[in-house]
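Subject: Handover of a structure for your review

Dear colleague,

Please find below the structure that I am passing on to you. I would be grateful if you would look through it with the notes that follow.

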Amino acid sequence: MSRLYSTLLRGTHASVCSSHRVPVPSQLCLSAAGLRRRTVQVVPSTTIRYLSSSPSAESADTQLTEVQATSETQYVKAMDTLLKAVRARSNPAYRNIIPLRKSMLWSETLLNSSSAPEPIGHTMPIPSQESLPPRNMHDTYTQINLPFKSSPELFEQYTNAYGGLRTGMLMEHLDSLAGSISYKHMLGPDIETLGRISERGFYVVTASVDRLDMLASLYPVRDIRLSGQVVYTGKSSMEVAVKMEALEPDGGEKTLMLGRFSMVCRDARTHKAQLVNPLVIQTAEEQALYSMGKNTQNRRRSLALQSLSRVPPSSEEAAELHQTFLNYGQEDTFGLQSDKVWMGNTKLEKTMLMFPQERNVHQKIFGGYLMRLAYELGFANSCVFTRSHVSFLSLDNISFRKPVNIGSILRLESQILNASDLGELPAVVHVRVQANVVDVKTGREETTNDFRFTFAKDDGCHGMPRIVPKTYQEAMLWLEGKRALEMGIQIRGRRRLGQ
């Protein structure tokens, strides 16, 4: 059964990379009277300064963090409600149709790769996006039911050591579902077979994954529904919203996760941007989702411009780093502080060969499989660091930069970037997992993926070692981790209060 669902969900796409204020989006918010239009100011997280050396600056920083957290919380809540409305309009005949790849033996693939390349069917550029047949948003809705409660045989394939569900495997399926939905949008809602790249002339890849919070517990184990749809299209990109719901015994539904995947389409011959089919917007709910998808793209661009890899930290952040150095970073006294640990000593890694059994339709390693590997390594490192079992709280960001070839040597390196027990119980940790492909001839490594996760201690206790950076690069990662933890604490606090 596991291989059945793996084949069903896997291998439909590859994974590669891809103003201090975002323009104010006009979004639809929900009220007791129904839908009403409301303007919401969204503040990028990278403009928020969480650390301060003065009370007044600290107060301003806190206010900005609260604005961002409130915006994200309302955003997810509204999107969840709007997705349910669009699902109700979807055609039941299309809901369970997923374009699947043609089965091909790896030996056949190797044989074909040694011969002359196949001619690409589509060689002429499409003159305009308007020439492509438009797609209804509700026709891209796709769902898959995983009957864990009603099928002990299926649950056995997904259970972890504690009798729960393996979260990493469910994330893997969400990634694959986002790819399938993208192909469904491009090919049509009734297409069941992907065909070969040479036949369709394009392929779809994952560029990034936005924040993905655990909205409710996976316990107790229930039947799960994975679903999603395209909510926005650019010229060559698509925003896909996916969610995981628990199907309650009484017929109710509870949203467990909601994520946003950025997908891009590429020409199979030139590997350049390929135009995607435009969306048809017919209802107020669909218009609201479309606006949210567009705003997500704008916000992502703004955040990239404000990343610490491009701009220096604020004066408040620099002051906090200096104070951390003075208090905890002196090497002559570091050994006397048992509650401190160098960031460089929190690394945990694994090196693996990439086998063809984990390939996708493009004969590259499936991105969802890499996501699962990263999640499980990040989980293990968090357990080692906290000396406790941990629970998943959020996937804060994923970037896919380059594909991973079959036969590659992949090195996954995890590192604890920051830890905090401020403002919430239990204590939380932010971990980075970086995927690098190793060139065996030169020994050089090239980064292909970057994953960020937040986990919480399960023992309910405060108190963890303080992470202390030693180099400037580590200091920037430490700040990124602190920003992520501060934002997560604010978001979860508002969610508990029902805001």
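This is a predicted model: local features need pLDDT of at least 70, side-chain atom pairs count only at pLDDT 80 or more; totals for chains, interfaces and linings use all residues.

Just after α6 comes glycine 188, with a positive phi of about 120 degrees.

Two packed helices are described by the angle between their axes and the distance between the axes. For helix α6 (residues 167-187) and helix α11 (residues 367-386), the axes come within 8 Å and cross at roughly 155 degrees. An angle over 145 degrees counts as roughly antiparallel, and α6 and α11 are therefore roughly antiparallel to each other. Their crossing is right-handed. On the α6 side, the contact is made by Thr167, Gly168, Met169, Met171, Glu172 and Asp175. On the α11 side, Gly367, Gly368, Tyr369, Met371, Arg372 and Tyr375 take part. By class, the residues of this contact of α6 with α11 comprise five nonpolar, four polar and three charged.

Threonine 167 has its place in helix α6. Is threonine 167 buried or exposed? With a relative accessible area of 10%, threonine 167 is buried, because buried means under 20%. When its neighbours within four places in sequence are left aside, threonine 167 is in contact with Met214, Leu218, Met257, Tyr375 and Phe392.

**Helices α9 and α12**

The axes of helix α9 (residues 315-328) and helix α12 (residues 472-496) come within 11 Å and cross at roughly 110 degrees. Angles of 65 to 115 degrees count as roughly perpendicular, and α9 and α12 are therefore roughly perpendicular to each other. The crossing in which α9 passes α12 is right-handed. Glu317, Glu320, Leu321 and Thr324 of α9 make the contact with Ala475, Met476, Trp478, Leu479 and Arg483 of α12. Sorted by class, the contact of α9 with α12 has five nonpolar residues, one polar residue and three charged residues.

How many of the 25 residues of α12 are buried? The number is 20 of the 25, so α12 is largely enclosed by the rest of the structure. From its first C-alpha to its last, α12 reaches 36 Å, close to the 36 Å expected at 1.5 Å a residue.

Tyrosine 328 is found in helix α9 and counts as buried, at 18% relative accessibility. Its C-alpha atom is separated by 7.4 Å from that of lysine 340, twelve residues apart along the chain. In helix α12 there is glycine 493, which is buried, with a relative accessible area of 18%. Glycine 493 and threonine 73 are 420 residues apart along the chain, and their C-alpha atoms are separated by 9.8 Å.

**Backbone details in the loops**

Most residues other than glycine have a negative phi, and most peptide bonds are trans.

Which residues does a cis peptide bond join? They are tyrosine 219 and proline 220, and omega is about -5 degrees. Proline 220 sits in the loop between β7 (212-214) and β8 (223-233).

Histidine 271 is not a glycine, although it has a positive phi of about 65 degrees. Its place is the loop between β10 (253-267) and β11 (279-280). At 48% relative accessibility, histidine 271 counts as partly exposed.

Arginine 387, again a residue other than glycine, has a positive phi near 55 degrees. The loop that holds arginine 387 runs between α11 and β14 (390-400). Is arginine 387 buried or exposed? Arginine 387 is exposed, with a relative accessible area of 78%, because exposed means over 50%.

With kind regards,
A colleague

How values were computed. Residues are numbered from 1 along each chain as its sequence is written. Side-chain values use heavy atoms; hydrogens and water are left out. Axes are lines fitted to C-alpha atoms, for helices over the stretch in contact, and angles run from 0 to 180 degrees between N-to-C directions. Helices (H or I, at least four residues) and strands (E, at least two) are DSSP runs, numbered from the N terminus. Angles under 35 degrees count as roughly parallel, over 145 as roughly antiparallel, 65 to 115 as roughly perpendicular and the rest as oblique. A crossing is left-handed if the near helix is turned anticlockwise from the far one by less than a right angle, and right-handed if clockwise. Contact means heavy atoms within 4.5 Å. Ala, Val, Leu, Ile, Met, Phe, Trp, Tyr, Cys and Pro count as nonpolar, Asp, Glu, Lys and Arg as charged, and the others, Gly among them, as polar. The expected span of a helix is 1.5 Å times one less than its number of residues. Buried means under 20% relative accessible area, exposed over 50%, partly exposed in between (1.4 Å probe, protein chains only).
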